[in-house]
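Please look over the sequence and the model before reading on.

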Amino acid sequence: MLFDRRGEGESNGDPNEFGWAADKDLKAAVRFLQQRPDVDRARIGGIGLSVGGETLLQTAAESDGLKAVVADGAGSRSIREDLARSGTAK
């Protein structure tokens with residue numbers, strides 16, 4: 001399944017470049033896949049680039065629907081995340 005974030009591609013809603021609240025949309029997409037008879041629930045994974053990678057990592061950490069994640073270019077989304085890492089100069 002190719003997933004458009006909210007407000008991008010053919011998806012409705014207001015876009016957000018930072019991906020805030022995108023995990024809710026991604027969790028809904030995973031639930032949709034889990035309900036399909038042609039999908040093995042134990043083999044749902046995702047590939048995400050940049051903000052998409054960050055969203056996949058967050059969603060995988062908060063739920064058990066994603067069994068595999070490939071994230072490229074994921075980084076911190078806020079100064080709070082930077083400051084939470086040990087060894088970060090404040």
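The points below cover the overall build, the paired strands, the salt bridges and one surface patch.

The structure shown is a predicted model. The protein contains three helices and two strands, arranged along the sequence in the pattern α-β-α-β-α.

**Overall build**
- The C-alpha atoms occupy a box of roughly 50 × 30 × 20 Å along the principal axes.
- The protein has 90 residues, of which 26% count as buried.
- Among contacts with a separation of 6 or more, 35% are made by residues 24 or more positions apart.

**The paired strands**
- Strand E1 (residues 45-49) and strand E2 (residues 68-72) run parallel and are joined by five bridges.
- From E1 the chain passes through helix H2 (residues 51-62) to E2, in a β-α-β crossover that is right-handed.
- Within this pairing, Ile 47 stands opposite Val 70 in E2.

**Salt bridges**
- Side chains of opposite charge can pair when their charged atoms come close.
- The whole structure holds three salt bridges.
- One of them links Lys 27 to Asp 23, with the closest N and O atoms 3.6 Å apart. These two residues are separated by about one helical turn, because they are four residues apart in helix H1.
- Lys 27 also forms a salt bridge with Glu 62, where the closest N and O atoms are 3.0 Å apart. Lys 27 belongs to helix H1 and Glu 62 to helix H2, so this pair ties together parts that are 35 residues apart in sequence.
- Asp 23 touches Thr 55, Gln 58, Thr 59 and Glu 62, leaving aside residues up to four places away in sequence.
- Another salt bridge joins the side chains of Arg 36 and Asp 38 at 2.9 Å, N to O. Arg 36 is partly exposed at 34% relative accessibility, whereas Asp 38 is exposed at 54%.
- Through shared partners, salt bridges connect Asp 23, Lys 27 and Glu 62 into one network.

**A nonpolar surface patch**
- Met 1, Phe 3 and Phe 32 make a nonpolar surface patch of about 310 Å².
- Met 1 lies in the segment before helix H1 (22-35) and counts as exposed, with 60% relative accessibility.

How values were computed. Residues numbered from 1 in each chain as written. Predicted model: local features only at pLDDT ≥ 70, side-chain atom pairs only at ≥ 80, totals over all residues. Heavy atoms only, no water. Patch = residues over 30% accessible without salt bridge, like charges linked within 9 Å, V, L, I, M, F, W, Y side chains within 5 Å. Areas by Shrake-Rupley, 256 points an atom, 1.4 Å probe, with all protein chains shown as cover. Salt bridge = Lys/Arg side-chain N within 4 Å of Asp/Glu carboxyl O. Buried < 20%, exposed > 50% of the residue type's maximum accessible area, 1.4 Å probe, protein only. Contact = heavy atoms within 4.5 Å. Pairing = 2+ DSSP bridges. Right-handed = clockwise from strand over helix to strand, strands pointing away.
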